[in-house]
Amino acid sequence: MPSHDALLLLSFGGPEGPDDVLPFLRNVTRGRNVPDERLAAVAEHYHRFGGVSPINGQCRALKAAIEADFAAHGVDLPVYWGNRNWTPYLADTLREMAADGVRRAAAFVTSAYSCYSCCRQYLDDIDRARAEVPGAPEIDKLRVYCGHPGFVEPFVEGARAALAELPAGARLVFTAHSVPLDQPGRQRYAAELAAVARTVVERAAPGAPWDLVYQSRSGPPAQPWLEPDVLDHLGKLHAAGTPAVAVVPIGFVSDHMEVKYDLDVEAAELAARLGLAFRRVPTPGTHPRFVALARELLAEPPGVPRSVPGTLPPRPDSCSPGCCRRTS
Ligand SMILES: CC1=C(CCC(=O)O)c2cc3nc(cc4[nH]c(cc5[nH]c(cc1n2)c(C)c5CCC(=O)O)c(CCC(=O)O)c4C)C(CCC(=O)O)=C3C
Ligand SMILES: [Fe+2]
């Protein structure tokens, strides 16, 4: 990868108060055919938390931790932060970078996998924001990193700790955001998730029973999405006599709303009602291993396809123009 004069932390964005909730949800779902009932339900999730998503605070903490990690390792690069769906908007960050004289930045995205929602949508938003900003820096999105130990190890540690607290016979239930079955890249997404889950099991609890499930389904009810749903699955596990579950949110980088509400409220309440012992494993967040990942990806030699755990073929460093492209 060519040399960079800045790191851009690129994230999803989230509301910072009650008045932000609806405009944020409209930004996220513009042109996406999400029913009003679903939007109203999700708005309630945010309002339960005072209209504040945890994700922006997590980005601020990650940015500060990356800056400290750079300083400790002699990496002399400024770190900027921009979002796709809320302030600080990416275009505003690019304007600030251009004013500071940044010519070419590497983007570390808070999304670890391949698929349209996880990868291409970030690339499209980079293109759109750059087109708005005269003199915008070039942006190279750092590679998909789901197989990197900096992402996997925090989950291994968390899974071990959760299992140590649960009774014998506990299952590992890996969970990720569902996507529609017609979403480009979803086979690769599901295969990467399964490979990461398998790696965590091998490292944390070899031979332990495990499943990969999905959560936070959106869209019209008739549209098919990746399944099984985590809530349905917990019900089935309980009915089959499973005494305990460690839920591992391998689809996510930080404990944002999908984790704090859909798992810590919804799934935890269901488990309590069923009498199913339940632990939720933390996401990487600001785990030092994950914080170091940005620096490690920046230092990788260019052009070498990176291995992904399990049997998946390696993935090239940068996406081809058509990868994960949405056609409809
Ligand atoms: C794969 C995936 C990730 C993981 C990769 C990544 O991290 O990027 C992810 C992350 C996130 N999704 C988030 C929030 C939302 N996602 C929505 C809607 C959707 N997500 C989808 C997929 C994903 N989403 C899809 C296919 C839709 C349907 C509409 C569409 O096709 O785009 C909606 C609309 C309401 C609803 O849920 O229906 C909201 C509010 C937040 C912020 C949380 C916070 O505020 O703390 C984060 C990190
Ligand atoms: Fe989402």
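## Basis of the description

Residues are numbered from 1 along each chain as its sequence is written, and chains are lettered from A and ligands numbered from 1 in the order in which they are written. Because the model is predicted, local features need pLDDT of at least 70 and side-chain atom pairs count only at pLDDT 80 or more, while totals for chains, interfaces and linings use all residues.

## The annotated residues

An unreviewed UniProt entry carries the annotation "binding site" for Ser53 and Tyr122; such annotations may be inferred rather than shown by experiment. Ser53 lies in the loop between α2 (36-48) and α3 (55-72), helices being DSSP runs of H or I with at least four residues and strands runs of E with at least two. Ser53 is buried because it has 25 C-beta neighbours inside 10 Å, the cut-offs being 20 or more for buried, 12 or fewer for exposed and partly exposed in between, with C-beta atoms placed from the backbone. Beyond four places in sequence, Ser53 is in contact (C-beta atoms within 7 Å) with Gly14, Pro15, Tyr46, His256 and Met257.

Tyr122, in helix α5 (residues 116-132), is also buried, with 24 other C-beta atoms within 10 Å. With residues up to four places away in sequence left out, Tyr122 touches Leu10, Arg84, Val109, Ser111 and Lys141.

## Helix α4

In helix α4 (residues 90-99), the buried residues are Leu90, Thr93, Leu94 and Met97. Viewed down the axis of α4, these fall within an arc of 100°, so they line one face of the helix; the arc is taken over the directions from the helix axis to the C-beta atoms. The buried residues of α4 pack against β1 (6-11), β2 (79-83), β3 (104-109) and α5. Just after α4, Gly101 adopts a positive phi of about 85°.

Definitions and conventions. Contact = placed C-beta atoms within 7 Å.
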